Structures are given as C-alpha cells and as structure tokens.
Amino acid sequence: MEQMNWIHVHDESAFIHSVMEHQDTLLSIAYSYLRNRQDALEAIQEMTCRAWIKRRSLNNEKAFKSWIIRILIYVCIDEQRRRKRTIPQPDERLEKNIPASWMISAQDNRIAMQSLLLKIKPKYRHVLLLKYYNDMTLTGIASILGKPEGTIKTWQHKGLEQLRKLMKNRRDWHDN
C-alpha cells in the first residue's frame, strides 16, 4: 500500500496544521455531543492523538476531514459512556414533583432537548446532532459516517420521529 505523501510519517507539524484547519467544525461537533467547552477541547485533543497514531490507515487525502470527524464522534461517545458510569442519574421520582411552570426558560429547553436526544437510538442521534447542531448536509454526514445518503435520510426521519414522540410524551406528562 502506498504511503500518503501529504502527511509524512515524521511530520507531526503538517498533521497538526491539517487538523487545525478544521478546528471550528471539530469544536462545534464535540460541544454538541458533550455540552461543555473544556470536555470538547479535551475530546479534540484525544481525537488528534488517535488520528496521529492511526494516520497510516487513511488512504485518501480528500477523506481527511470526514475521517477525523468520525474519530471525534467515537471519542465523544466514549466520553458519554464514561460519564454514564461515573455520574449518578437524577431520580425520576424527584423530577415528577417539579411543576411544569418551572421548566420554561430557554436554558431549560436546551437541557431538556439534550436529555431527549440521549434517549434516541445512537445512529439517529448522530445524524440529528450533525445536521441540526452543526449545520452539516446529509451528503457530508453520509461521508463522515461511511453510509449511503439514503440511509442517512432514513435515520434522520426515524430520529425526528422518535424525538417527536418523546416531546409529545413530555408535553402530555407536564400537562397532567
């Protein structure tokens, strides 16, 4: 297999420069998954290390951006799993005693949406996060996830369907 000529095996600075060209997109994606700037920056750092270690597995220079975004998504998923193991989940019985009128601020709505997104099947959630939180096209998402665009459209549709059901259930619950 022919080595990439654009990222030399020992040229770490060229590699870092290639990653930095996409720093705004990477930060936006990591933040949409982790909801914390410091954690997002750490995820980008971890992604950069993983990508450097695996750099020889990338065969096409044009796929670099999709490749590092895919690695970043996996890093963010790993962090979400780690959080689930270490951070106790709120007791739902306590949440049921909170009046609906307390849950009206924009910040609360963002938190509520984030918690609803966590309940959606992961492959659908990835599409929704990349599409609606990061303004990516379905073609770009298909490239990043390595799936046909038709599959991504289906996942988007199913993800939105799950989200609508969850939101309806939430409204019904708060109206009672």
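Biologist: What makes the contact between the side chains of Glu-79 and Arg-82 a salt bridge?

Modeller: In this predicted model, a nitrogen and an oxygen of the Glu-79 and Arg-82 side chains are 2.6 Å apart. A salt bridge requires a side-chain nitrogen of Lys or Arg within 4 Å of a carboxyl oxygen of Asp or Glu, so the pair of Glu-79 and Arg-82, at 2.6 Å, qualifies. Both residues lie in helix H4, three residues apart, about one turn of the helix.

Biologist: Why is Glu-79 called buried?

Modeller: The relative accessible area of Glu-79 is 17%. Buried means under 20%, and therefore Glu-79 is classed as buried.

Biologist: Why is Arg-82 called partly exposed?

Modeller: Arg-82 has a relative accessible area of 38%. This value falls between the limits of 20% and 50%, so Arg-82 is partly exposed. Through salt bridges that share partners, Asp-39, Glu-79, Arg-82 and Arg-83 form one network.

Biologist: How do you know that Arg-50 and Asp-78 meet in a salt bridge?

Modeller: Their N to O distance is 2.9 Å. The limit is 4 Å, so the pair of Arg-50 and Asp-78 counts as a salt bridge. This pair links distant parts of the chain, with Arg-50 in helix H3 (residues 37-53) and Asp-78 in helix H4 (residues 64-86), 28 residues apart.

Biologist: Why is Asp-78 called partly exposed?

Modeller: Its relative accessible area is 33%, which lies between 20% and 50%, so Asp-78 is partly exposed.

Biologist: How many salt bridges does a search of the whole structure find?

Modeller: The search finds six salt bridges.

Key. Residues numbered from 1 in each chain as written. Predicted model: local features only at pLDDT ≥ 70, side-chain atom pairs only at ≥ 80, totals over all residues. Heavy atoms only, no water. Helix = DSSP H or I, 4+ residues; strand = E, 2+ residues; numbered from the N terminus. Buried < 20%, exposed > 50% of the residue type's maximum accessible area, 1.4 Å probe, protein only.
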